Amino acid sequence: MYALVHRKTNVITAKDAAALLKEYSILLELTDEDEFRAKTFANASRQLEMQTETLEELVKTGALKSIRGIGKTVVTAINGIIQTGTFQELERAKTLVPEGVLELLRIEGLGPKKARTLWKQGKVESVEQLDHAIRNNTLPKLPGLGTKTLEKFLSGIEFIRKHEGRHLRHHAVQEAERLREVFAEINGVSEVFFGGSLGRGNETIGDLDIILTCANEDVEAVRQMVTDSTDIEWSDKSDGILKGQSSHSIDIELSVIPIDDAPLRKLLATGSKEHLSQLSKLASAKGFTLSDSGLIDSKSKVLTVGTEHDLYSLLGLEFVPPALRERNCELILKNSGVYPTPVRLEDFKGIIHNHTTASDGHHTLREMAEAMIAMGYEFFGVADHSQAAAYANGLTPERVRKQWTEIDKLNQELAPFRILKGTEADILPDGSLDFDDDLLAGFDYVVASIHSGFKMTEEAATDRLCRALENPHVDILGHLTGRLLLRRDGYPIDHRKVIACAAEHGKAIELNANPHRLDIDWRWLPLCIEYKVPIPINPDAHDIDGLADIRYGVDIAQKGPLPKELCPSCWSADEFINWCATHDKR
Ligand SMILES: [Zn+2]
Ligand SMILES: [Zn+2]
């Protein structure tokens, strides 16, 4: 068993402060006021991001001042953040930049420099204006902003519009956890329930569908307390469902209901639409009606149920877990009752794909390993970048061998805990790997990923991945499509071909648990499971905090549902290494 690094909701962490310093440095870049100061704050933000202590601890122990790159001006800003949640210069800088200019930075490939040019020289102050100006060709000629770049911005804008109002899973989860605490404190509330895409474990979330249950006679009082006492801005509290927005800009729909109504209302709030429509068809076939008013029999009698399980059972079904109530539910309903138990966090024995300061990570190998030990794991897989990833300080063969020596030493010291020698080797454009066979043969395992040359046809990308899978040294494909959720689509690939190829060669495909990726997409998990392709859940952690991201991968794995037998993160180090060795390493 182990404990996960957990963020307390009401304390300002170093990461929160880092985000504010970063925001300030971006504002400075946009106004071009003081380049040096912008760099100072950007650097301080990076340094702070690596700290795991709370800000107050850092200040109290004096550790803050000893962090490289954090001087007097930054300390003053941080003191402001601790006292007021912000600092003076940040607030001043905010007044100098129109909000719409900051919004431009959401467009893929549009950084502060280009935004400044568009704003100052092109008079563009919002995404809408940029869209309009490009389409109508009204922008003056601007340095660094040729036709091709502008066309790319247009598709970036389209992408943003398509995903408007959606949130990454981890942001929604953090907000939901905070609100759960708030609502649980209200007198009379017996359950705080989250339905919708959050409850179904999806990778992005539209709004938070919340149900509070209480005794029949308390409904009005609880409703009143909810609307009075929380930090939600309510836009509609007239009747039925309360609508509003949380202080973190996530839309909320909340109902307060008597406990007796809970099974049906939870079912309806969880969805999906497709699942509910399948259920209602099934109900009709059995002579029932399933609607907002409940499950009604042919004599118009509302059937009372004690739990959601009972509802399913009245329809002749086993309970379908929320994670599986998706579009493919027809199939799921047909096979109802035979779900394998999905992987749980407590099944994990090790974490396979992680980085250290040797490449672009923020903690050393020893620090990462010791954190893993403290959390009760059996092994840690280091998989730093390979040499082609120069931007990420990828390791040369010489540095790889040095790391191996370090691992051997640490393994002696830390036994029985084990560090496994891995690499995240780049898949080069022709599908070959970034290291030669001799070196690759020396690793315990090899994760192969694409980090550059994303502009490919589906055919080229599929071939590139399949060539990598055919390489006898490769064990796992990393972040299959390179997508960044709500930011950019991945390169197009033929999932069926790649999954079949992995099955043929006995290789694994990771479920990258970084909440920005969650790649392989869960819609393909059933096919991987059918083909018995192992799916390790890899946080791709770049610091100790990042290890906790496996929880988001586990949420997604429920949607397979992925059994622990197919998840190498739940195997012992020996089982994992022996499995890697079964690959034909000629
Ligand atoms: Zn990678
Ligand atoms: Zn990685």
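**Charges and zinc: a quick tour**

Before I go on, the housekeeping. This is a predicted model, where local features need pLDDT of at least 70 and side-chain atom pairs count only at pLDDT 80 or more, while totals for chains, interfaces and linings use all residues. Residues are numbered from 1 along each chain as its sequence is written, chains are lettered from A and ligands numbered from 1 in the order in which they are written, and side-chain values use heavy atoms, with hydrogens and water left out.

Which helix gives the largest share of it? That's α20, residues 458-470, with 4 residues. By helix I mean a DSSP run of H or I with at least four residues, and by strand a run of E with at least two. E470 sits in α20, and at 43% relative accessibility E470 is partly exposed. For that scale, buried means under 20% relative accessible area, exposed means over 50%, and partly exposed is in between.

Now the metal. What holds the zinc ion, ligand 1? E424 through OE, plus H451 and H479 through NE2, at 2.0 to 2.1 Å. Donors are N, O and S atoms within 2.8 Å of the metal (3.2 Å for Na, K and Ca), and water is not among the atoms, so sites may look incomplete. Along the chain, the donors of ligand 1 follow the spacing E-x26-H-x27-H. E424 also bridges ligand 1 and a zinc ion that is ligand 2, and the two ions lie 3.3 Å apart. E424 is in strand β12 (418-426) and H451 is in the loop between β13 (445-449) and α20, so the pair ties together parts that are 27 residues apart in sequence. Is E424 buried or exposed? Buried, with a relative accessible area of 0%. H451 counts as buried as well, at 15%.

Last topic: salt bridges. The rule is a side-chain nitrogen of Lys or Arg within 4 Å of a carboxyl oxygen of Asp or Glu, and by this rule the count comes to 28.

Take R487 and E108, whose side chains meet at 3.1 Å, N to O. R487 is in the loop between β14 (476-477) and α21 (495-505), E108 is in the loop between α6 (99-104) and α7 (112-120), and they are 379 residues apart. Both are partly exposed: R487 at 32%, E108 at 30%.

Then there's R523 with E203, at 2.9 Å, N to O. This one links the loop between β16 (511-512) and α22 (525-530) to the loop between α11 (196-199) and β3 (204-205), 320 residues apart. R523 is partly exposed at 43%, whereas E203 is buried at 7%.

One more pair: E308 and R325, with the closest N and O atoms 3.0 Å apart. E308 is in helix α15 (308-314) and R325 in the loop between α15 and α16 (329-334), 17 residues apart. Here E308 is buried at 12%, and R325 is buried at 0%. And to finish, E128, D131, R135 and R161 are joined into one network by salt bridges that share partners.

Terms used: Buried < 20%, exposed > 50% of the residue type's maximum accessible area, 1.4 Å probe, protein only.
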